[in-house]
Amino acid sequence: MHGSMWLCVMATVKSRADGAHCRPSGTGSYTATTDVWSAGVILHFLLTGKNPFRGPSKAATEHRVREGKFKMDDPAWEAVSEPAKAMVRLLLSPYAAEGGGEARPAAKAALKHPWIKERNNLGAPNALSMQI
């Protein structure tokens, strides 16, 4: 179930990659990879049932989001495969393509991640088409 739901999220993000984005009310630049980051938050939640950046207060949560820091030390991660963890780390990367560290991919590139390919090759009747 989680895999199918995740593929739907990524298909939606990819279909919006033509630039038809809603501008958030906050500050900062907004690109197609912003949607990919949002999909990473959703994937984190689907895999663990937890918000990756939740802090003890609203201010702490906002700080964690700005810093891009999250942990994978919760017991919920024990049942998650390494490729899925790598996908979450990639999608939640705080770095844009031009920044330092491992850059967050565009949706089309994210769909080529080994974890997505593995999910897509399970023979599910609703397998995600790369043509979306």
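**Helix packing, an aromatic pair and a pocket**

Q: Which hand does the crossing of helix 2 and helix 4 have?
A: In this predicted model, helix 2 and helix 4 cross in a left-handed manner.

Q: And at what angle do their axes cross?
A: The axes of helix 2 (residues 32–48) and helix 4 (residues 82–91) cross at roughly 145°, and they come within 8 Å.

Q: Which residues make that contact?
A: Helix 2 contributes Val36, Trp37, Ala39, Gly40, Leu43, His44 and Leu47, while helix 4 contributes Ala84, Met87, Val88 and Leu91. Sorted by class, the contact has nine nonpolar and two polar residues, with no charged ones.

Q: Switching topic, how many aromatic pairs are there?
A: The structure holds two aromatic pairs. One of them joins Trp37 and Phe53, whose rings are stacked at 5.6 Å centre to centre, with 20° between the planes.

Q: What does that pair tie together?
A: Trp37 lies in helix 2 and Phe53 in the loop between helix 2 and helix 3 (58–67), so the pair links parts that are 16 residues apart in sequence.

Q: What about the second largest pocket, which residues lie nearest its centre?
A: Asn51, Pro52, Arg64, Phe70 and Lys71 lie nearest the centre, out of 13 residues that line this pocket. The second largest pocket has a volume of about 240 Å³, and its lining has seven charged, three polar and three nonpolar residues.

Technical notes: Residues are numbered from 1 along each chain as its sequence is written. This is a predicted model: local features need pLDDT of at least 70, side-chain atom pairs count only at pLDDT 80 or more; totals for chains, interfaces and linings use all residues. Side-chain values use heavy atoms; hydrogens and water are left out. On a 1 Å grid over the protein atoms alone, a cavity is a set of points where a 1.4 Å probe fits but cannot get out, and a pocket is an open set with protein on both sides within 12 Å along at least five of seven lines; lining residues have an atom within 4 Å of a point. Grid points are joined across faces, edges and corners, and a volume is the space filled by probe spheres set on the points. Ala, Val, Leu, Ile, Met, Phe, Trp, Tyr, Cys and Pro count as nonpolar, Asp, Glu, Lys and Arg as charged, and the others, Gly among them, as polar. Axes are lines fitted to C-alpha atoms, for helices over the stretch in contact, and angles run from 0 to 180 degrees between N-to-C directions. Helices (H or I, at least four residues) and strands (E, at least two) are DSSP runs, numbered from the N terminus. A crossing is left-handed if the near helix is turned anticlockwise from the far one by less than a right angle, and right-handed if clockwise. Contact means heavy atoms within 4.5 Å. Rings of Phe, Tyr and Trp (its six-membered ring) pair if their centres lie within 6.5 Å; planes under 30 degrees apart count as stacked, over 60 as edge-to-face and the rest as tilted.
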